[in-house]
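Student: Could we go through this model by question and answer, from the whole chain down to single residues?

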Amino acid sequence: MVGLSPVMRSPLVLALCAAATLVAGAPSRAQADSMHVVESGETLSKIGKRSGCTVKQLQRANDLSGTTIYEGQTLIVPDCEGEDGGGKKSKKVAADYGLDDGADGGKRGKANLKVAAKKGQSIGAPWSGSLQNAMRLPAGKGYYIRREHRAFGTTHAVKHIIKAIQAVRKRFPRVHKLAIGDLSEKRGGEVSLHRSHQSGRDVDIGFYFKKRPKGYPENFVGFEDAELDLPAMWALLHAFARTADSPNGVQAIYLDYALQKKIYNWAKDHDVPTKLLDSYFEYPDGTGLVRHEDNHHDHFHIRFKCPEKDTKCTN
Ligand SMILES: [Zn+2]
């Protein structure tokens, strides 16, 4: 696990995330694909019926050869309604994904839907980039999305976020809703109050508290302003940090140094191996995945690697 270049760590690149803490509100919902976490007893055809997709469409969107799915599995649910190859729908898909209108009686329309199946293309770098065929972080159990119009990312980023929250709720089913701050806008690019968050690989995430503070999760709350739920905080951080060795995993986490110390010491007191803690935290010896940045006393900034084999995305 390595530290990041001075440019990416410059206080300005990240300090502005903090400003995002203050503003609320979202424009109207735009149509986009989504994710579904399989519940016990669910089948592909049941999920298909509910979402207007055929089993074939669900298999294609999730690279499934068979129909076997399991509880807790995260599935991509494409926006299937009206797949009529060149009709009104493919015009919409074309518009959604920046493709031509497919007004040729079907061929191009189908092509559009094929392209649409390829999700979450991150272009360029987080501080100078864009996003194509974005994946939306859907509303889900256990978290609150502060700004819907900034809830777009690459597929692997969205999947990791959902999985990390699920992992915490599995261990601590009674935790309060978690505040999810900005990812990227639908087509990426510059986002006010941020210098990064431009290419679908960044997300700001709030904290877990013993008692949900007033105004949370609509707004982030600092770790100095309410008593943290340290077991849940460790579980969340661990759920993200343990992906750092995997190809599509976490690339960096930014968090206030004093808060790193709190979580580090709690984990150490609860028999988490020091070797693992040192590989995670900049505290106390200066190396590690989790780095201090100013203004990260009320949220984690999590950055994911470029998707494997993705040549357009730069780390
Ligand atoms: Zn951020």
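Student: On what basis are the residues numbered, and which atoms are left out of side-chain values?
Tutor: This is a predicted model, in which local features need pLDDT of at least 70 and side-chain atom pairs count only at pLDDT 80 or more, while totals for chains, interfaces and linings use all residues. Residues are numbered from 1 along each chain as its sequence is written, and side-chain values use heavy atoms, leaving out hydrogens and water.

Student: How many helices and strands are there in the protein chain?
Tutor: Helices (H or I, at least four residues) and strands (E, at least two) are taken as DSSP runs and numbered from the N terminus. Counted in this way, the protein chain has ten helices and twelve strands.

Student: What percentage of the residues of the protein chain count as buried?
Tutor: A residue is buried under 20% relative accessible area, exposed over 50% and partly exposed in between, with a 1.4 Å probe and protein chains only. Of the 315 residues, the buried ones make up 55%.

Student: What share of the contacts with a separation of 6 or more comes from residues 24 or more positions apart?
Tutor: Contact here means heavy atoms within 4.5 Å. Among the contacts in the protein chain with a separation of 6 or more, the share from residues 24 or more positions apart is 68%.

Student: How far apart are the end C-alpha atoms of helix H8, residues 230–241?
Tutor: The expected span of a helix is 1.5 Å times one less than its number of residues, and for the twelve residues of H8 this gives 16 Å. The model agrees with that expectation, since the end C-alpha atoms of H8 lie at a separation of 16 Å.

Student: Why is H8 described as largely enclosed by the rest of the structure?
Tutor: The buried residues of H8 include Leu230, Met233, Trp234, Leu237 and Phe240. H8 is largely enclosed because, of its twelve residues, the number that are buried is ten.

Student: At what angle do H8 and helix H9, residues 257–269, pack?
Tutor: Axes are lines fitted to C-alpha atoms, over the stretch in contact for helices, and angles run from 0 to 180 degrees between N-to-C directions. The axes of H8 and H9 are 10 Å apart, and the contact is made by Leu230, Pro231, Met233 and Trp234 of H8 with Leu259, Lys262, Ile263, Trp266 and Ala267 of H9. Angles of 65 to 115 degrees count as roughly perpendicular, and H8 and H9 are therefore placed in that class, their packing angle being about 100°.

Student: Which residues does Ala164 touch, not counting those up to four places away in sequence?
Tutor: Ala164 is found in helix H7 and is buried, with a relative accessible area of 3%. Although Ala164 and Phe240 are 76 residues apart in sequence, their C-alpha atoms are 6.2 Å apart in space. With the sequence neighbours set aside, Ala164 touches Leu236, Ala239 and Phe240.

Student: Which backbone oxygen does the side chain of Ser122 reach?
Tutor: Ser122 is in strand S3, residues 121–125, and is buried with a relative accessible area of 0%. Beyond four places in sequence, the residues in contact with Ser122 include Thr154, Arg201 and Asp310. At 2.7 Å, its side chain reaches the backbone oxygen of Ser199.

Student: Which backbone nitrogen does the side chain of His176 reach?
Tutor: His176 is found in the loop between helix H7 (155–171) and strand S8 (178–180), where it counts as buried at 13% relative accessibility. At 2.8 Å, its side chain reaches the backbone nitrogen of Phe209.

Student: Is Asn295 buried or partly exposed?
Tutor: Asn295 lies in the loop between S11 and S12 and has a positive phi of about 65° although it is not a glycine. At 33% relative accessibility, Asn295 counts as partly exposed.

Key:
Polar contact = N/O pair within 3.5 Å; in protein donor to acceptor, adjacent residues only side chain to side chain. Parallel < 35°, antiparallel > 145°, perpendicular 65-115°, else oblique.
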